[in-house]
Amino acid sequence: MTVFAVEYAYAENSTELRNEHRPAHREYLGGFLGEGAVRLLASGPTPVNDGALLIFAAESPEALNEVLLNDPFKKVGGVGKATVTEWNPVMGMLNEFAS
């Protein structure tokens, strides 16, 4: 599997929208905490940038993209931009996922 860092930049003026859909967003992402073609390794907000950082392990970029497109935040317009970067965590708690 390949590790990807996904940076969400939230859409402008989407705070209320995200607050409304946060439970569905978290439940959806929670479905990827176990084994599978896409695994969520870590996630959380980046308050300074009004966004979030999500770390995934995925069998392919296409599999990850499908997950991101179906995120409730994305579907309701809460995500203005998502930047996906392949990452190789060689040190630390995620190094078991290094390529």
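Student: What should I keep in mind about the numbering and the pLDDT cut-offs?
Tutor: This is a predicted model, so local features need pLDDT of at least 70 and side-chain atom pairs count only at pLDDT 80 or more, while totals for chains, interfaces and linings use all residues. Residues are numbered from 1 along each chain as its sequence is written, and side-chain values use heavy atoms, with hydrogens and water left out.

Student: How do you know how many helices and strands the protein has?
Tutor: They're DSSP runs numbered from the N terminus: helices are H or I with at least four residues, strands are E with at least two. That gives 3 helices and 4 strands, in the order β-α-β-β-α-α-β from the N terminus.

Student: What makes the protein as compact as a globular protein of its length?
Tutor: The radius of gyration is taken over C-alpha atoms, and the globule rule is 2.2 Å times the number of residues to the power 0.38. For 99 residues the rule gives 13 Å and the radius of gyration of the protein is 13 Å, so the protein is as compact as a globular protein of that length. The C-alpha trace spans about 40 × 25 × 20 Å along its principal axes.

Student: How do you know which strands pair in the sheet?
Tutor: Two strands pair if DSSP finds at least two bridges between them. β1 (residues 2-10) and β3 (residues 51-58) run antiparallel and are joined by 8 bridges; β2 and β3 also pair in the antiparallel sense, over 8 bridges. Down at residue level, Leu53 in β3 is the bridge partner of Glu7, and Gly44 stands opposite Leu53 too.

Student: Why are β2 and β4 called edge strands?
Tutor: The open sheet has 4 strands in the order β2-β3-β1-β4, with antiparallel pairing. β2 (38-46) and β4 (79-87) each pair on one side only, and that makes them the edge strands. The twist averages 20 degrees from one strand to the next, where axes are lines fitted to C-alpha atoms (for helices over the stretch in contact) and angles run from 0 to 180 degrees between N-to-C directions.

Student: What makes you say that α2 packs on the sheet?
Tutor: Contact means heavy atoms within 4.5 Å. Helix α2 (residues 61-69) touches β1, β2, β3 and β4, and its direction makes about 30 degrees with that of β1.

Student: What does Leu17 touch?
Tutor: Leaving out residues up to four places away in sequence, Leu17 touches Val76, Gly77 and Gly78. The C-alpha atoms of Leu17 and Gly78 are separated by 6.6 Å, though the two are 61 residues apart along the chain.

Student: What makes the phi of Asn13 and the phi of Asp50 stand out?
Tutor: Most residues other than glycine have a negative phi. Asn13 has phi near 55 degrees, a positive value, and is found in the loop between β1 and α1 (15-30). Asp50 has a positive phi of about 50 degrees; Asp50 belongs to the hairpin of β2 and β3, which has 4 residues between the strands. At 39% relative accessibility, Asp50 counts as partly exposed.

Student: What makes a set of residues a nonpolar core?
Tutor: A nonpolar core is a set of buried Ala, Val, Leu, Ile, Met, Phe, Trp, Tyr and Cys residues joined through side-chain atoms within 4.5 Å. The largest one has 18 residues, and Val6, Tyr8, Val38, Leu54, Phe56 and Leu64 touch the most other members. β1, β2, β3 and α2 each supply at least two residues of this core. Another core, of 5 residues, lies apart from it, and includes Val3, Ala5, Ala57 and Phe97.

Methods. Buried means under 20% relative accessible area, exposed over 50%, partly exposed in between (1.4 Å probe, protein chains only).
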